[in-house]
Amino acid sequence: RTPLAILYRPPESPIGEAFLNLVRADTEAERVTQVRAEGSAVRQLWKRLNAGGVVGILPDQQPKAGDGEFAPFFGVQALTMTLLGRLAARTGATVLFAYCERIDTHPDHPAFALRIEAAPDGIADPDPQRACIALNAAVERIARRDPAQYQWTYKRYTLRPSGNGDDNPYRSR
């Protein structure tokens with residue numbers, strides 16, 4: 001119902017990226033702009049928010065080393081993006097969590113509910129550590145509603161805090 005810029009990390013496969021661009025695009029109405037998570041992405045999002053626009057960011061994907069802060073997620077330190085908190089703090093944008101919840105498991109015609117909730121106040125804390133803690137707590141609260149529906153394929157724990165001795169839990173020993 002409004003123009004939207006979606007930040008995304010391109011898949012490794014060019015075919016996969018072409019598919020994502022195809023299924024996410026809304027080029028006829030020019031309502032959806034996809035912004036690759038690289039280079040000028042932050043500037044594009046900043047400009048859109050300062051102009052009163054809307055952006056979409058998936059908050060539970062692990063950023064690259066050096067681009068985040070470690071904060072607890074289900075009791076384990078997870079490298080967490082600082083981008084969302086920085087944009088919220090600097091632009092004053094309202095942050096909302098939007099997610100779909102499967103409400104009917106009938107195989108022939110599943111039903112879903114779109115949920116939209118206000119983010120906790122701490123999400124825009126100018127201290128990136130506190131903002132990341134608030135972000136992870138909010139995502140965890142939503143995931144705990146029905147853990148089977150959370151997209152656990154986001155490998156939140158591959159990068160570990162330096163010196164803590166934890167191994168990457170996704171690697172076989």
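Strands here are DSSP runs of E with at least two residues, helices are runs of H or I with at least four, and both are numbered from the N terminus. The model is predicted, so I note that local features need pLDDT of at least 70 and side-chain atom pairs count only at pLDDT 80 or more, while totals for chains, interfaces and linings use all residues. Residues are numbered from 1 along each chain as its sequence is written, and side-chain values use heavy atoms, without hydrogens and water.

Next, the sheet. I found that β1 (residues 4-8) pairs with β3 in the parallel sense over three bridges; two strands pair if DSSP finds at least two bridges between them. The open sheet has three strands in the order β2-β1-β3, with parallel pairing. Its edge strands, β2 (32-36) and β3 (54-56), each pair on one side only. I noted an average twist of 25° from one strand to the next.

Then I turned to helix α1 (residues 14-24), which lies across β1 and β2 and runs at about 155° to β2. Angles run from 0 to 180 degrees between N-to-C directions, with axes fitted to C-alpha atoms, for helices over the stretch in contact.

Last, I checked N136, in helix α4 (residues 128-145). Leaving out residues up to four places away in sequence, N136 touches A71, P72, F73, A78, T80 and R156; contact means heavy atoms within 4.5 Å.
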